[in-house]
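The sequence and the structure come first.

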Amino acid sequence: MRVVVALGGNALLRREERPDAAVQVKNVRAAVDALAPLARRHELVITHGNGPQVGVLALQSAADRSLSSPYPFDVLGAETQGMIGYWLLQSLQNALPDRQVCALLNQTLVSAADPAFADPAKFVGPVYDRAEAEELAAERGWTVKQDGAHWRRVVPSPRPQRVVETRLIRLLLNSGAVAVCAGGGGVPVIRDEQGQLTGVEAVVDKDLTAALLAEALDADALLLLTDVPHVSLDYGTPDARPVGRTTPAALRAERFPAGSMGPKVDAVCRFVELTGGMAAIGALEDAGAILDGAAGTVVTPSGRDIGREAPQDLT
């Protein structure tokens, strides 16, 4: 099978963890422990989030008095692709000494007219309480929104249209390599009036890019792996209940937060609707079981009604 896996930024740097390099390297190694068995059995493409990491670099850049202005988000996205890609590349090479592994820097084409530029919604950086978030917003010109029990900075997240280097990724897969690519959804770029690519101040949602890439690569399965075991209806309430196997139509009939689970649901539904393949959302450590249909929220064209069974009861 050809499998595209999207690692959530919070799977690599968990909430409340300090964003030290050593902490993230440890988490990357744990991620590779879960993914290496898949790579041994399947063609594997790995994408990853960068929300926490790009937020840290943005803070550093904003505080650097040697700069006349902070680095733009397309540049910060490229930095995090290199950083996280390096950690994943090295760990995968150590775990799979008989396989070639490539970490590739990618650009993702977006539309300059995307309405997301007028309505920032993508969470980046660390969490704050409301008072601190509002103080930082006033001081630095940020837009902040509530993220669960906390508050975080948000930036524009235009919808991905195409991964510019898709054909190169396909060549890597056809050669037998494991490809690490489209980190953070890819560096957001637009085409100007001369047809030239140029970066824009935004962060592309990595799950939507992963779905787009999986479709373009004719993948059989798309796995969105994060720090929760499944999608939940009425999440965060006493009535919360897990979603096991379901269909795109049933999943789209529910409401999910736009800044967190919403894009994941949109991504898995889009992939299944367009390809007829299988897509799933679940915990990183359950990667193998999710692909086998034994864990997580599994979306297929003929899945069962939403919320009827626990995630472990998918037969």
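T47 is found in strand 2, which covers residues 43–48. In this predicted model, T47 has a relative accessible area of 1% and is therefore buried, the cut-off being under 20%. Leaving aside neighbours within four places in sequence, the contacts of T47 are V5, A6, L7, C181, A182, K206, A210 and L213. I281 is 234 residues away from T47 along the chain, and the C-alpha atoms of T47 and I281 are separated by 14 Å.

P156 is in the loop between strand 7 (150–155) and strand 8 (162–163). With a relative accessibility of 14%, P156 counts as buried. Beyond four places in sequence, P156 is in contact with A116, F117 and P120, and also with E201, A202 and V203. H48 is 108 residues from P156 in sequence, and the C-alpha to C-alpha distance between P156 and H48 is 18 Å.

**The aromatic pair**

The structure holds one aromatic pair. Its members are Y128 and W142, with 6.4 Å from centre to centre and 45° between the planes, and the pair is classed as tilted. Stacked pairs have planes under 30 degrees apart and edge-to-face pairs over 60, so an angle between these limits counts as tilted. Y128 belongs to strand 5 (residues 122–128), whereas W142 sits in the loop between helix 5 (130–140) and strand 6 (143–147), so the pair ties together parts that are 14 residues apart in sequence. Y128 is buried at a relative accessible area of 10%, and W142 is buried at 12%.

V127 is also placed in strand 5. V127 counts as partly exposed, with a relative accessibility of 26%. Not counting residues up to four places away in sequence, V127 touches R15 and E16, together with H150, W151 and R152. V127 and D218 are 91 residues apart in sequence, and their C-alpha atoms are 37 Å apart in space.

**Positive phi and exposed positions**

Most residues other than glycine have a negative phi. D218 has a positive phi, near 60°, and is not a glycine. D218 is in the loop between helix 7 (206–216) and strand 12 (221–226). The relative accessibility of D218 is 56%, and D218 therefore counts as exposed, the cut-off being over 50%.

D234 is another residue that is not a glycine and has a positive phi, about 55°. The place of D234 is in the loop between strand 13 (232–233) and strand 14 (241–242). D234 is partly exposed, with a relative accessible area of 43%.

A249 lies in helix 8, residues 248–252. A249 counts as exposed at 61% relative accessibility. L44 is 205 residues from A249 along the chain, and the C-alpha atoms of A249 and L44 are separated by 28 Å.

The accessibility values given above are collected here.

| Residue | Relative accessible area | Class |
|---|---|---|
| T47 | 1% | buried |
| Y128 | 10% | buried |
| W142 | 12% | buried |
| P156 | 14% | buried |
| V127 | 26% | partly exposed |
| D234 | 43% | partly exposed |
| D218 | 56% | exposed |
| A249 | 61% | exposed |

**The chain as a whole**

The protein chain has ten helices and 17 strands. Its radius of gyration is 19 Å, close to the 20 Å that the globule rule gives for 315 residues, so the chain is as compact as a globular protein of that length. Along its principal axes, the C-alpha trace spans about 55 × 50 × 40 Å.

Of the 315 residues in the protein chain, 54% are buried. Among contacts with a separation of 6 or more, 74% are between residues 24 or more positions apart.

The protein chain exposes about 14200 Å², and carbon and sulfur atoms supply 49% of that area. There are 30 positive and 38 negative side chains, and the centres of these two sets lie 3 Å apart.

Conventions. Residues numbered from 1 in each chain as written. Predicted model: local features only at pLDDT ≥ 70, side-chain atom pairs only at ≥ 80, totals over all residues. Heavy atoms only, no water. Helix = DSSP H or I, 4+ residues; strand = E, 2+ residues; numbered from the N terminus. Rg over C-alpha atoms; globule rule 2.2 N^0.38 Å. Buried < 20%, exposed > 50% of the residue type's maximum accessible area, 1.4 Å probe, protein only. Contact = heavy atoms within 4.5 Å. Areas by Shrake-Rupley, 256 points an atom, 1.4 Å probe, with all protein chains shown as cover. Lys, Arg positive; Asp, Glu negative; His and termini not counted. Charge placed at Lys NZ, Arg CZ, Asp CG, Glu CD. Phe/Tyr/Trp six-rings, centres within 6.5 Å; stacked < 30°, edge-to-face > 60°.
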